[in-house]
Amino acid sequence: MPLTGIRVLDLTRLLPGTARAMRRMEKVTGRSDDMMIVRGVNVFPTQIEEQILKVKGLAPHYQIVLTREDRLDQMEVLVEAAPSAARADARQASAAELGHHVKGSIGVTARITVTDPGGVERSQGKARRVIDKRPKV
């Protein structure tokens, strides 16, 4: 039975009781919210969305892809270009602006990929914003 820690939203479970005075807790298996830890920085998808909405040439459809290269976490933001700014030069300018906003407000350097309008995967139910490809430890 998963238990949530006190206001930390970590998912774990208590181990069966023993003769010890305190019960032990199993290793943390995940989180009950969407927060990600990238290079020691707590990042929420809503923070990324807030920065995307500041850039006029981008649509609000995005995905965050997390990978690990050479023991360092990498974050890539896939975001759609707005129909009015689908030209290559406008995309590059929007990507640079979003990268600057993300680095300045959140403190993480992200690779920004601006796709064609409709280029970010849509789902039937809840939008799948985070794709974590990092190996599980």
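Analyst: First, a definition: contact means heavy atoms within 4.5 Å. The model is predicted, so to speak, by record: local features need pLDDT of at least 70, side-chain atom pairs count only at pLDDT 80 or more, and totals for chains, interfaces and linings use all residues. Residues are numbered from 1 along each chain as its sequence is written, and side-chain values use heavy atoms, with hydrogens and water left out.

User: Which strands does α1 lie across, and at what angle does α1 run to β6?
Analyst: Helices (H or I, at least four residues) and strands (E, at least two) are DSSP runs, numbered from the N terminus. Axes are lines fitted to C-alpha atoms, for helices over the stretch in contact, and angles run from 0 to 180 degrees between N-to-C directions. Helix α1 lies across β6, β7 and β9, and its angle to β6 is about 135°.

User: Which strands does α2 lie across?
Analyst: Helix α2 runs at about 150° to β8. The strands it lies across are β6, β7 and β8.

User: How do α1 and α2 pack: parallel, antiparallel, perpendicular or oblique?
Analyst: Residues 45-54 form α1 and residues 88-105 form α2; their axes are 9 Å apart, at an angle of about 135°. Angles under 35 degrees count as roughly parallel, over 145 as roughly antiparallel, 65 to 115 as roughly perpendicular and the rest as oblique. Therefore α1 is oblique to α2.

User: Which residues of α2 make the contact with α1?
Analyst: On the α1 side the contact uses I48, Q51, I52 and K54. On the α2 side the residues are E97, L98, H101, V102 and S105.

User: What is the strand order of the open sheet?
Analyst: Two strands pair if DSSP finds at least two bridges between them. The sheet has four strands with mixed pairing. Its edge strands, each pairing on one side only, are β8 (110-115) and β9 (130-132). The order is β8-β7-β6-β9.

User: How many bridges join β6 to β7?
Analyst: Strand β6 covers residues 58-69 and β7 covers residues 72-81. They form a hairpin with two residues between them, and D70 in the turn has a positive phi of about 50°. The pairing is antiparallel, and the bridges number nine.

User: Which residue of β9 is the bridge partner of L66?
Analyst: Strands β6 and β9 run parallel, joined by three bridges. In β7, L66 has M75 as its bridge partner. In β9, the partner of L66 is D132.
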